[in-house]
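Morning, everyone. I have one structure to walk through. Please look at the screen.

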Amino acid sequence: MSKREVYEQKTEELLLPIVEGHGFELVDVEYVKEGGTWYLRAYIDKPGGIAVDDCEVVSRAFSDILDEKDYIEDTYIFEVSSPGLGRPLKKEKDFVRSMGEEVEIRTYRAIDRQKEFIGILKGYDKDTVTIEMEDSSERTFERNDIALIRLAFDF
């Protein structure tokens with residue numbers, strides 16, 4: 001397990017009781033480097049959406065635990081955020097909730113000269129994701145080929 005995965009897993013383990021205690025859902029935790037700075041981000045949600053005050057409550061409650069446990073050796077910034085409109089599908093519950101919804105899939109490499117696909121989520125398992133394309137055909141992707149899968153949104 002990489003350092004990043006260890007930090008994310010430990011954070012999720014410690015943060016989950018706080019998030020659930022406030023009636024929220026812990027959508028995801030990520031530890032990423034952007035522009036030379038490490039960020040530990042927690043994404044939370046609730047029916048009707050998350051407000052800034054919700055993020056602040058979770059952030060304050062978890063900051064003391066982060067200071068006490070001190071399990072991340074790098075200097076980093078901790079953020080709590082909403083998953084936003086383009087919410088990625090990562091966990092089993094994300095796929096269950098999104099069955100029948102329109103999703104966008106981005107692949108690492110071009111498949112038939114394209115890397116972006118949009119369709120209705122029809123099925124998934126630990127190795128594959130299947131969508132129904134606009135022409136009613138079904139296309140199955142290997143999970144290893146998928147860089148990102150998220151709910152599609154139109155403006």
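In which sense do strand 1 and strand 2 pair, and over how many bridges? Antiparallel, over nine bridges. Keep in mind that this is a predicted model.

Let me stay with that pair. Strand 1 covers residues 25-34, and strand 2 covers residues 37-45. The two form a hairpin, with two residues between them. Glycine 35 sits in the turn, and its phi is positive, about 55 degrees. Strand 1 is mostly covered, with seven of its 10 residues buried.

Next, aspartate 74. Where is that residue placed? In the loop between helix 2, residues 52-69, and strand 3, residues 76-81. One goes to the side chain of tyrosine 31, at 2.7 Å. Another goes to the side chain of lysine 3, at 3.2 Å. Beyond neighbours within four places in sequence, aspartate 74 is in contact with Lys3, Tyr7, Tyr31 and Trp38.

Last stop, aspartate 145. This one is in the loop between strand 7, residues 138-142, and strand 8, residues 146-151. Why does aspartate 145 count as partly exposed? Because its relative accessibility is 23%, and buried means under 20% while exposed means over 50%. Its side chain joins that of arginine 109 in a polar contact of 3.1 Å. Leaving out neighbours within four places, its contacts are Arg106, Thr107, Tyr108 and Arg109.

Note on methods. Residues numbered from 1 in each chain as written. Predicted model: local features only at pLDDT ≥ 70, side-chain atom pairs only at ≥ 80, totals over all residues. Heavy atoms only, no water. Helix = DSSP H or I, 4+ residues; strand = E, 2+ residues; numbered from the N terminus. Polar contact = N/O pair within 3.5 Å; in protein donor to acceptor, adjacent residues only side chain to side chain. Contact = heavy atoms within 4.5 Å. Buried < 20%, exposed > 50% of the residue type's maximum accessible area, 1.4 Å probe, protein only. Pairing = 2+ DSSP bridges.
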